[in-house]
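Please look over this note with the model open beside you, and take the points in order. Each point gives a term its cut-offs where the term comes up.

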Amino acid sequence: MNFPVINPLSVLPEIILLATSIVALFIALFLPDRRGHQLNYLGLVGVLAAIAVLPMLWAKVEVGFGGAIVSDHFALAMDAAILVSALAAFLLGLREVEPGADYVALVLWAALGMMVLTSAVELLSIFLGLEVLSLPLYVLAGFRRDRTTSKEAAMKYLLMGAFSSGIFLYGLAFLYGATGKVSLASIQAAILQNFTSHPLFLEIGAGLVAVGLAFKLALVPFHQWVPDVYEGSPTPVTAFMSVGTKAAAFGALVRILTVALPAGIVHWQPLIAFLAVLTLLFGNLAALRQTNMKRMLAYSGIAQAGYLVVAIAANSQMGVGAGMFYVVAYAFMNIGAFAVVAALSGQNEEGAEIASYRGLAYRRPWLAVSMTVFLLALASIPPLVGFPGKFYILRAAVSSGGVLLAIAIVVGTMISLYYYLRPVLLMFTHSEETESPFPATAHWTAHVTVGVMLAGTLVLGILPGLLTGPLQNAVHAIYGL
Amino acid sequence: MLTSYFPIALYFLVAVVIGVGVLGASRVMGPRKPNAAKLQTYECGVTPEGEVGPRFSVKFYLVAMLFMIFDVEAVSFYPWAVLMHQLRLFGLLEMALFVLVLGIGYAYVWKRGGFQWQE
């Protein structure tokens, strides 16, 4: 009897995260409650160890679980973005939430699910990854049980997430029904050789899969849960899930749509392009009216997801590379912005109103300047990382004939300047108020997070070439070149 | 490919016809003389008390959830037990690891008071 080869190397970073979470739960048995927050350091160590093995695994493609999991350059690059966001969740979580073993384990499990999602090349493993990603995030969204907004966020996220999982699974069922295969490579082969039962099944399957992941990516019109969930969840969790989930869902979307379902035969491209345009116009317009910083960043996140999906709609190697670059860029600038919000808010998350940022540059110059950099990066002003990110996406869109997509990006970016620059203007306006609405000090880890993200935003903005080389490998990996 | 599902469709059809047929026939032909005792909820012969849909403690959900976890765990023992001899030492170690992980989870739930009914 033959058993599938498991090959633990293919899931080494995942194993490290899992082991850390179990050790954290075990230690929590003997740790008094008031020292529970120290487990965050254990989580940090676990994530850093997982990041440390990524370069080791870069040398060779590992295939595991009988071909269901592939640890190729694409998966590893996405894993890096996911792990960086998990790192931020622990660094910021030291003060924000009343952390304990639950928080540490849940963040680690969510990150694990995201990483499985980006490396899975078989329908059932993909779904497994999506569920492992989603379930801990539902709990994390409602982690502040004492706050109604947090509970509301958890409830909304759970209901919308359950629906989207169902839709996604239904799509996978159609893909299986059309080809009789579960592995993405066999599905692609079956489509190319015309061994499909009914072409319509493929179209429906692709559509449902795209919609299911569109919920996770927060694309319009599947975005309604995002502002409430981002506002209600604890800030470290918001930072983590806004970036990690997008990276994971982008990975799955690329693997399923651009690779397994050739766009010439299965017509998912117009749907994705339509969603992208709708998302980046609506997200940017809705962000204009926000008065709460986290809500504004939530709508900006919706718009950013729109830019990201343009890269998929381009349906080219250039597009996939541009999308990956944008995920990394988004990780640095968005987590940075949330880190400043977290550093400025106390236990009860007071002071998340944009109006309370008035005059910040004169009271907390370091945080105000950092926030300015992150907001300018999100508005894709050179020489910050958002600029090459958007440039690559524009180039990919234009070179694959998507001129309308490119115009939509430019229009969206112009709208976005208003709401990204308004807090900057406020921060540098003198205020008569002497009393600051913010707590006087932030935990040192919040400053570390801001510093790391600032470094990433600046370095990759000036030298984007550092990243484009490895990402080129990743693109080759995914297209099997 | 779809034709291979024809027997299942047929099975569905027969199931629906029999179900609807039997219930429909008894409804059309059976005599109906309702009284208070007959219309009562049947509760194993015990006289029912209270409302039909009373509120019950949310704690039941926690118990059900924990039960599900251990239930599913027990289910995954069966395929392992069947293949235990072919899987040899590797299978045994794998299962030991699985039980260890679950055991830590169990201890954690216990410590957090997951099995405590009273606050």
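This is a predicted model: local features need pLDDT of at least 70, side-chain atom pairs count only at pLDDT 80 or more; totals for chains, interfaces and linings use all residues.

1. Residues are numbered from 1 along each chain as its sequence is written, and chains are lettered from A and ligands numbered from 1 in the order in which they are written.

2. Chain A holds 19 helices and two strands, where helices (H or I, at least four residues) and strands (E, at least two) are DSSP runs numbered from the N terminus. Its radius of gyration is 21 Å, close to the 23 Å that the globule rule gives for 481 residues, so chain A is as compact as a globular protein of that length; the radius is taken over C-alpha atoms, and the rule is 2.2 Å times the number of residues to the power 0.38. Of the 481 residues of chain A, 58% count as buried, a term that asks for 20 or more other C-beta atoms within 10 Å of the residue's own, with exposed meaning 12 or fewer, partly exposed lying in between, and C-beta atoms placed from the backbone.

3. Chain B has three helices and zero strands, and its radius of gyration of 25 Å is well over the 14 Å that the globule rule gives for 119 residues, so chain B is more spread out than a compact globule. Buried residues make up 0% of the 119 residues in chain B, and its C-alpha atoms fill a box of roughly 65 × 55 × 25 Å along the principal axes.

4. Where the chains meet, chain A supplies seven residues and chain B nine residues, a contact being two residues whose C-beta atoms, placed from the backbone, lie within 7 Å. On the side of chain A that touches chain B there are six nonpolar, one polar and no charged residues, with Ala, Val, Leu, Ile, Met, Phe, Trp, Tyr, Cys and Pro counted as nonpolar, Asp, Glu, Lys and Arg as charged, and the others, Gly among them, as polar.

5. Helix H12 of chain A, residues 293-313, has 21 residues that should span 30 Å at 1.5 Å a residue, and its end C-alpha atoms are 30 Å apart, which agrees; the expected span is 1.5 Å times one less than the number of residues. In H12(A), 21 of its 21 residues are buried, and the helix is followed by A:Asn315, whose phi is positive, near 50°.

6. Which peptide bonds deserve a check for being cis? The bond from A:Val220 to A:Pro221 is cis, with omega near 5°, and A:Pro221 is found in the loop between helix H8 (199-217) and helix H9 (225-232) of chain A. The bond from A:Pro382 to A:Pro383 is also cis, with omega near 5°, and A:Pro383 sits in the loop between H15 and H16 of chain A.
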